[in-house]
Structure formats: C-alpha cells, structure tokens
Amino acid sequence: MQTIARSVFSAVVVASVLAAPHVAAQDVTVHTPSTVRFLGGFGRLMSIAARFGGQKLNEPIAGATYISGHKLRTDNGTDASIVDLDAERITNLDNKAKTYTTMTFAEMTAMIRSMGDSLKAASNQAAAEGKKAGEKGEVDMKWQVKVDRPGERAKIAGTDAERVFMTITTTANVTPEGEQTQEAGSMVMLVDEWVSKDAAQAGAMKEFERVYIEKLGQQFQATAKSLDAAFSTNPQMKEGFVAAAKERQKVGGVSMRSTTYVSFVPAGMSFDRQLALNEASSAPPAEAEEKKGGLRGMMKGLKKMADDANKNEEKPAGPPKQSTMMTVKTEVGRIETGRIDPSMFAPPAGYKEVKMRDK
C-alpha cells in the first residue's frame with residue numbers, strides 16, 4: 001500500500017508542479033539516506049511498537065535514485081519503485097518478500113479516479129451518519145503557505161545550495177451550533193530545504209519530468225476531476241496543495257537536503273520556527289529511553305509512560321505549548337555520473353509478480 005501511495009503521490013506532484021525545457025542529460029545515481037524521528041510521548045510509543053515488531057527507529061535508511069533517460073528508479077529501505085516512461089509503467093519491488101507489482105499509467109489514473117469516488121462516498125456517508133446521531137456544527141480547515149529565503153548558502157555533496165523554508169499551516173475552526181466560531185489549533189509542516197539549480201542530477205531530472213508530463217498530460221485531466229470530487233467536502237485542502245505546489249515551483253532547483261518538521265500549535269498561538277528547530281535538535285532519540293526489546297521491553301515502556309502521565313496529573317497543568325511530533329530528514333550524500341546497468345530498471349531474477357488485487 002505504501003509503494004502504491006508513493007507512486008500516485010509522485011505522479012500527481014510531477015504533473016501539477018514541474019515543467020521544464022528539454023535539457024540533454026546523462027545517467028545519474030544519487031544516494032540519499034533518510035532518517036525519521038518521532039519525538040516526545042508519541043515517540044516513545046512508536047519506539048516501543050517498532051521494537052516489539054523487530055524494527056528500529058531513528059537510524060538512517062539507505063536510499064538512492066537512479067535516472068537513465070526516460071527511466072527512474074527510487075530505492076528506500078526494503079522497497080523500490082521503477083518508472084518507465086517509454087513503457088508507461090510503474091513497477092514496485094518488495095525486496096524483503098522478493099515480489100513485485102506492476103501498474104500502467106492508465107491503471108494508475110483509473111485507481112486515482114476510484115479513490116476519489118470512494119473518498120467522496122465515505123465523506124457523504126460520515127456526514128449522513130453524523131446528522132442521524134444528532135451531531136451539529138461545522139469544521140472549517142484553512143491553509144496558509146509561506147516561503148522564506150534567508151539568503152544562506154552551503155556546499156552539499158560538492159554543490160552550491162540555497163536554504164529555503166516553506167511553512168504550511170493548517171488551521172481548524174470549529175463552529176458548534178448556536179455558538180461562535182472557535183479556533184481548535186493548527187498543524188504546521190515546516191520544510192527546511194537546501195536547493196541547487198546546478199547539481200549533476202538537475203538536467204536528468206528536468207528531462208525525465210518533461211517527458212513524464214507529456215505522457216500523463218491527457219490522463220491527468222480525468223484524474224484532476226477525481227481529485228476535485230475527493231476534495232469537494234473541503235475545497236480549502238485542495239487549495240493548500242495547489243498553493244504549496246506553486247510556491248515550490250517558484251523556488252526551482254533540486255533538493256540537496258530536506259528536513260520536514262510536523263508540529264502542533266495550540267489555539268491562539270503563532271508558530272515559532274526557531275522553537276521547532278531547537279526542539280528537534282535537542283530532543284533525545286525516543287529509542288534511547290528503553291534499550292530492551294520484545295514483550296518485556298514493551299511492557300516496561302508502557303509502564304513508564306503511565307507513570308509519567310500520573311506524575312503530570314499531580315502537578316498543576318501549565319499553559320499549552322507548541323510541540324513537534326516528528327521529523328523526516330533526507331540528504332544527498334553522493335552523486336555518481338556514468339552508465340547505469342539496464343537491469344536496474346527491471347525486477348531482479350527470482351522475484352515473483354503479485355497482482356495488484358492480491359495486495
């Protein structure tokens with residue numbers, strides 16, 4: 001499911017954001033390790049659940065992107081996704097299970113259309129059930145996108161890059177029946193990104209994206225209508241996506257380093273960017289609080305969370321404050337130019353195909 005969602009999201013972003021002139025390009029391999037961190041109490045819970053499942057958090061995940069003409073492969077941990085523009089096909093690999101699935105562009109478009117219809121139907125059903133249960137009132141979601149270019153520059157993987165902050169704020173306003181509208185707080189996604197316009201992979205990405213748009217242009221007209229249906233109950237959400245896409249397009253370039261912070265801000269407060277940066281950099285890794293794994297470690301971790309909650313209940317509750325729930329960091333570590341073996345853009349020998357309906 002994650003690989004399917006990633007393919008769909010990638011297609012939508014490329015089709016709605018990127019447009020570039022033809023640029024001669026060579027084969028490029030970009031190594032991009034990434035790290036996901038969960039902070040605070042939520043981080044402790046995620047850490048316990050991950051260890052109970054035999055996984056680890058807060059450790060770098062090896063990642064790489066391979067671009068050769070009209071083919072692009074993205075590796076991320078145990079999964080990989082291959083986009084072949086000439087064949088108009090997307091292939092997702094599960095390296096752990098040694099299986100793969102394939103989906104044509106036409107099938108992807110049909111799936112997005114179906115998802116849009118399902119979301120609209122689910123939304124209508126939820127609204128109808130809410131009325132039957134006597135739920136009244138309205139919830140209004142508003143988006144705000146802000147870009148800040150402080151003028152900072154740095155060398156990343158030997159390439160000059162500019163720092164750009166994009167802040168996407170989603171504010172929820174609740175209006176109970178017969179009462180005044182109240183702000184319920186905000187969720188803020190801060191993207192701290194370093195972009196370069198002359199990196200080695202820039203030309204290859206532009207050419208790939210140019211052809212991608214040509215191939216999907218007609219099909220995405222139908223897809224756009226499906227997305228309209230999905231956003232019909234909350235058009236502000238679509239406006240937020242579109243606004244963010246346009247602002248990113250103005251910045252241009254390719255990402256050399258990107259850290260995304262997801263924070264929650266109480267009602268009546270403004271987002272403090274520096275606080276989010278400081279909080280994430282100073283917070284200890286959640287996994288360090290409990291080293292033992294298995295059921296025993298999970299039970300100890302849950303007990304510690306309960307004890308902490310009881311201690312907090314005994315103290316006077318302080319004023320609400322901004323808190324960062326998670327961060328996702330990706331950075332280009334190494335860029336290689338030179339011919340890429342064509343076998344990289346096909347399922348490896350011995351992998352078994354799994355039909356999409358079986359996933």
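Q: What does the accessible surface of the chain come to, and how much of it belongs to carbon and sulfur atoms?
A: In this predicted model, the accessible surface of the chain comes to about 20,400 Å². Carbon and sulfur atoms account for 54% of that surface.

Q: And how many residues count as buried?
A: The chain has 359 residues, and 36% of them count as buried.

Q: How many helices and strands are there?
A: There are 8 helices and 15 strands in the chain.

Q: What share of the contacts joins residues at least 24 apart?
A: Taking contacts between residues at least 6 apart in sequence, 73% join residues at least 24 apart.

Q: Let us turn to the open sheet. What is its strand order?
A: The open sheet of 8 strands runs in the order β14-β1-β3-β4-β5-β6-β7-β15, and its pairing is mixed.

Q: Which are the edge strands?
A: They are β14 (334–337) and β15 (352–353), each of which pairs on one side only.

Q: What joins β1 to β14 and to β3?
A: Strand β1 is antiparallel to β14, with 4 bridges between them. Another 4 bridges join β1 to β3, again in antiparallel fashion. In these pairings, V30 stands opposite I335 in β14, while T29 stands opposite Y66 in β3.

Q: Which way do the β1 residues point, and are they buried or exposed?
A: V28 and V30 point one way from β1, whereas T29 and H31 point the other way; all are buried. In a regular strand, side chains alternate between the two faces of the sheet.

Q: How many bridges join β5 to β6?
A: Strand β5 (residues 79–84) and strand β6 (residues 89–94) are joined by 6 bridges and run antiparallel. One of the residues involved is S81, whose bridge partner in β6 is N92.

Q: Which strands does helix α4 lie across?
A: Helix α4 (residues 202–216) lies across β1 (28–31), β3 (63–68), β4 (71–76), β5 and β6. The helix runs at about 110° to β4.

Q: Changing topic: where is D192 found?
A: D192 is found in strand β11, which spans residues 182–196.

Q: Why does D192 count as buried?
A: D192 counts as buried because its relative accessibility is 6%, and the cut-off for buried is under 20%.

Q: Which residues is D192 in contact with, leaving aside neighbours within four places in sequence?
A: D192 is in contact with R163, V164, F165, R257, S258, T259, Y261 and L277. With R163, there is a polar contact between the two side chains at 2.6 Å.

Q: What about M166: what separates its C-alpha atom from that of D192?
A: The two C-alpha atoms are separated by 6.7 Å, although D192 and M166 are 26 residues apart along the chain.

Methods. Residues numbered from 1 in each chain as written. Predicted model: local features only at pLDDT ≥ 70, side-chain atom pairs only at ≥ 80, totals over all residues. Heavy atoms only, no water. Helix = DSSP H or I, 4+ residues; strand = E, 2+ residues; numbered from the N terminus. Buried < 20%, exposed > 50% of the residue type's maximum accessible area, 1.4 Å probe, protein only. Contact = heavy atoms within 4.5 Å. Polar contact = N/O pair within 3.5 Å; in protein donor to acceptor, adjacent residues only side chain to side chain. Pairing = 2+ DSSP bridges. Axes fitted to C-alpha atoms, helices over the stretch in contact; angles between N-to-C directions. Areas by Shrake-Rupley, 256 points an atom, 1.4 Å probe, with all protein chains shown as cover.
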